[in-house]
Amino acid sequence: NGLGRIIWGIVSDKLGRKASLTLMMAAQGVVMLVFFYMGSTPALLFLGAALIGFNFGGNFALFPAATADYFGIKGFMRNFGLLMSAVGAAALFGILLVSILVSDDGNYQGSLFMVTAPSMLAAFFAYVTKDPEKKLRAAARREAMEGEAALAEVEIRARRKEKKKKA
């Protein structure tokens, strides 16, 4: 989990938030899909559990940053609070739902397939959502251009003053 936070944070810095969220959610869906089959040996079971923890750690690196990117600083606290409330509710109700599914037949396969779909759906939504980083870069370019225009105007005024003094 801790390593996932660091590595997904680095990936996010390199690829951007949108691409990182898409990749992380898709990877989580794939791991959940094959996790049932990874239980055949202790080494594969450990690897699967480590990959799940790795991706869950990425949630705690990417979710706050993505929330700030999409909703800004003013909307961050309200939206991040809602997001973490949803995470808590999903954990609580997910455990209850899994216990119902497993108690019926003693098999975890259905519950693992059940969590694969939301992961893949989250990857899809991350992919199709507009990238706020493009908007932020465009705003930064506009500010830079406005700053350059303002600087040019100041220079023109200064030259005019100098001409008037000389005249």
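Modeller: Here is a quick tour of the fold, the confidence and the surface.
This is a predicted model, where local features need pLDDT of at least 70, side-chain atom pairs count only at pLDDT 80 or more, and totals for chains, interfaces and linings use all residues. Residues are numbered from 1 along each chain as its sequence is written, and side-chain values use heavy atoms, with hydrogens and water left out.

Biologist: OK, how many helices and strands are in the chain?

Modeller: Five helices and zero strands, so the pattern along the sequence reads α-α-α-α-α. Helices (H or I, at least four residues) and strands (E, at least two) are DSSP runs, numbered from the N terminus.

Biologist: Which helix has the lowest mean pLDDT, and which the highest?

Modeller: Helix H5 (residues 132-166) is lowest at 71, while helix H1 (residues 2-15) is highest at 94. The chain averages 85, and 86% of the residues score at least 70. pLDDT is the predictor's confidence in each residue, from 0 to 100. Where pLDDT is low, the predicted coordinates should not be read in detail.

Biologist: Switching topic: what share of the chain counts as buried?

Modeller: Of the 167 residues, 26%. Buried means under 20% relative accessible area, exposed over 50%, and partly exposed in between (1.4 Å probe, protein chains only).

Biologist: Which residues of H4 are buried?

Modeller: Gln-109, Ser-111, Leu-112, Thr-116, Ser-119, Ala-123 and Ala-126. They sit on the same side of H4, because they cover an arc of only 150° around the axis. That arc is taken from the directions from the helix axis to the C-beta atoms.

Biologist: And how far does H4 reach?

Modeller: Its 20 residues reach 29 Å from first C-alpha to last, close to the 28 Å expected at 1.5 Å a residue. The expected span is 1.5 Å times one less than the number of residues.

Biologist: What makes up the nonpolar surface patch?

Modeller: Val-30, Leu-33, Val-34, Phe-36, Tyr-37, Tyr-108, Phe-113 and Met-120 make a patch of about 700 Å². The elements giving two or more residues are helix H2 (17-38) and helix H4 (109-128), with the largest share, five residues, from H2. Patch residues have over 30% relative accessible area and no salt bridge, and nonpolar side chains (Val, Leu, Ile, Met, Phe, Trp, Tyr) are joined within 5 Å.

Biologist: Is Phe-113 buried or partly exposed?

Modeller: Phe-113 lies in helix H4 and is partly exposed, with a relative accessible area of 33%.

Biologist: Where is Ile-6?

Modeller: Ile-6 is in helix H1, and is exposed at 54% relative accessible area. Ile-6 and Ala-61 are 55 residues apart in sequence and 7.3 Å apart in space, C-alpha to C-alpha.

Note on methods:
Patch = residues over 30% accessible without salt bridge, like charges linked within 9 Å, V, L, I, M, F, W, Y side chains within 5 Å. Areas by Shrake-Rupley, 256 points an atom, 1.4 Å probe, with all protein chains shown as cover. Salt bridge = Lys/Arg side-chain N within 4 Å of Asp/Glu carboxyl O.
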